[in-house]
Amino acid sequence: MNETLKLGLILFLVAAVSAGVLAFANEVTAPIIAEIEKQGSFGAIAEIFPEADDFQPLEEEKLNEIKASNNFVQEVTKALKGEEIIGYGLKVKSVGYGGDIISLIGINTEGRIVGFNVLQMSETPAVGSRIVDDPAFAESFIGKSATEKLVPVENPSADNEFLALSGATVSTTAVQAAVNGAVDAYVNYLSK
């Protein structure tokens, strides 16, 4: 019995020390990871707005106001040329077949979608993953109006239509919801 108690105490001490080391490592690396993610987002926005010379996060109060009425918007970044805002990068999240889909939507101040990127997803390979793998899908958003809801169709031609991926209805619908969330945020909060 005494030997069992001794082994239990040793195991407890090893677990406590391990937990302390992990907590310390997390404390040290969390700000670094957050900064890397922020730079990654800014890099993706820089690809959408290559003419911009600065990127700034939207004021926290305004972002919180958007998030209170919009479940899709996660972050908003202003793209600036000099002191002038030339557009917004909206990081949006929706739920697809395989889990969360995180996308970046670029909308210029003229109310046009100028960029679309899926930043993270875990959709079924060769089916839902076509939201990333098929360049025509992303291209079908470029130039579309950011002042009205977008709908998926087989052959998009109207200002509010984008490419529907047959066989990937859940993924297409998830992206549609997120993009329309970005459009809603632009119309109601950013275009004014």
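Author: **The helix pair H2 and H5**

The axes of helix H2 (residues 60–69) and helix H5 (residues 169–190) come within 11 Å and cross at roughly 130 degrees. Helices here are DSSP runs of H or I with at least four residues, numbered from the N terminus; the axes are lines fitted to C-alpha atoms over the stretch in contact, with angles from 0 to 180 degrees between N-to-C directions. H2 is therefore oblique to H5, the class left once angles under 35 degrees (roughly parallel), over 145 (roughly antiparallel) and 65 to 115 (roughly perpendicular) are set aside. The model is predicted, so local features need pLDDT of at least 70 and side-chain atom pairs pLDDT 80 or more, whereas totals for chains, interfaces and linings use all residues. Residues are numbered from 1 along each chain as its sequence is written, and side-chain values use heavy atoms, without hydrogens or water.

The crossing of H2 past H5 is right-handed, that is, the near helix is turned clockwise from the far one by less than a right angle. Lys-62, Glu-65, Ile-66 and Ser-69 of H2 meet Ala-185, Tyr-189 and Leu-190 of H5, contact meaning heavy atoms within 4.5 Å. Of these residues, four are nonpolar, one is polar and two are charged; Ala, Val, Leu, Ile, Met, Phe, Trp, Tyr, Cys and Pro count as nonpolar, Asp, Glu, Lys and Arg as charged, and the others, Gly among them, as polar.

Definitions and conventions. Helices (H or I, at least four residues) and strands (E, at least two) are DSSP runs, numbered from the N terminus.
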